[in-house]
Amino acid sequence: DINIKNIILETNRLLLRPFKMSDLNDFYEYAKVWGVGQMAGWLPHQSIAQSQKILEKFIEGNKTFAIVYKNNNKVIGSIGIEELRNINEEQFKKIKNIILEDPSRSIIVVSAPGKKNKDDHKITDLLYLIYAHLKYGVDAKNIFDIVKSRYLEIKKTLSLKIDLEKEFTLLEVGLKQKISEEFLVSRGEYFCAKLLAEYLGYDFVDAKNLIYFNYDGKLDEQRTKDALVNQLIKTKKIVIPGFYGCYPDGNIHLFSRGGSDVTGAVVAKALSVDIYENWTDVSGFLVTDPKIVHNPKKIKEISYEELRELSYMGANVLHEETIFPVQELDIPINIKNTNHPEEEGTIISSKCRDSSQIITGITGKKSYESITIIKKPKVQKIKVIRDVLSVLDKYNINVEHIPSSIDSFSLIIEANY
């Protein structure tokens, strides 16, 4: 293990040494500046108290150097030292630490592994690609081997015993027998949940035995609730693969893309939990897009309705269907960062208690067209609007906004119609 205690490195201008609590003011001074932390995956510090908590972790961890400018003995930055390990292994370890830190985290819903780096591909994308190849008679073995190797790599680095080789052999046989696209794509979450269950010492429960759909694709809430309640009577700590469930005949059915968020919300509602924690790679939501606005504030609290509005207008937040299940029982959602679990994140609930937020969020969409209609003064405007809307309805064209004046009105519609 890395330990930099008592290690000092020196150049002509800089000194690298372990942090001290007396560095707090210098640390906060640079950590609160926009652009300093974003490249390393953390947001500007909002208070000196936040900096103090992180500084204490730096000192305790003995893995982070303070960068001191020798000319004035001022701390101007930091360098973290980490052993080069498999990224999947590190993420699994972070997840395990988070879960075991709080005994109430007893029901875990997982998604498929994402990208290892910016040039990598998400497992779900690769599984869809495999099916597309097979559909058109193109060999997909190379892609299949990439997916297989990702999971075997995780198994090996975590020293797990699960027989994944057998699982993949059965899946490969299934591909030759033309399994459904939904079954194939669901394996991303399925394998990840199996690995995490063993790593945590939790029980793996297949989502097909807990999440039920009717043949019209709508969730069978009562059957799902009964299955989850009965499962929790048998075992208290479980890992469930997200994103899918099954039809009455047992065939796999997927939620829409990103549906692991929805699985978590469905489980939360069925079991009437106190809070639904959604762990991701960001520390909650920002008021607006940081690529456009310099140093936007973080949203501490947001209502279900506000989140729906922001999502509708283009904000890239939770899966839009995540809100409905938990909103019915007023179950709050807490968006937290797996890489920075000490940060507060964003709370989504029915009421916001943070009165400091004058503006909750700002977002927008591009690619709209405006059609302006000018009527004759004697013609009723409501009749003209009704006639125009009936034409748009005939062609399934949605109207986003209708600004109007005394003798005219405009229709704002998406440009891709």
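1. Let's start with a strand partner: Pro 18 has Phe 65, in strand 3, as its bridge partner. Strand 2 and strand 3 (residues 64-69) run antiparallel and are joined by 5 bridges. Strands here are DSSP runs of E with at least two residues, while helices are runs of H or I with at least four, numbered from the N terminus; two strands pair if DSSP finds at least two bridges between them.

2. A word on the model: it is predicted, so local features need pLDDT of at least 70 and side-chain atom pairs count only at pLDDT 80 or more, while totals for chains, interfaces and linings use all residues. Residues are numbered from 1 along each chain as its sequence is written, and side-chain values use heavy atoms, leaving out hydrogens and water.

3. Strand 2 (residues 14-18) also pairs with strand 1 (residues 9-10), antiparallel, over 2 bridges. Here Leu 9 faces Leu 16, and a hairpin of 3 residues connects the two strands.

4. Now look at the rings: there are 13 aromatic pairs. Phe 27 and Phe 58 form a tilted pair, because their centres are 5.6 Å apart and their planes at 55°. Rings of Phe, Tyr and Trp (its six-membered ring) pair with centres within 6.5 Å; planes under 30 degrees apart are stacked, over 60 edge-to-face, and the rest tilted.

5. Phe 27 is buried, at 2% relative accessible area, whereas Phe 58 is partly exposed at 22%. Buried means under 20%, exposed over 50%, and partly exposed in between (1.4 Å probe, protein chains only).
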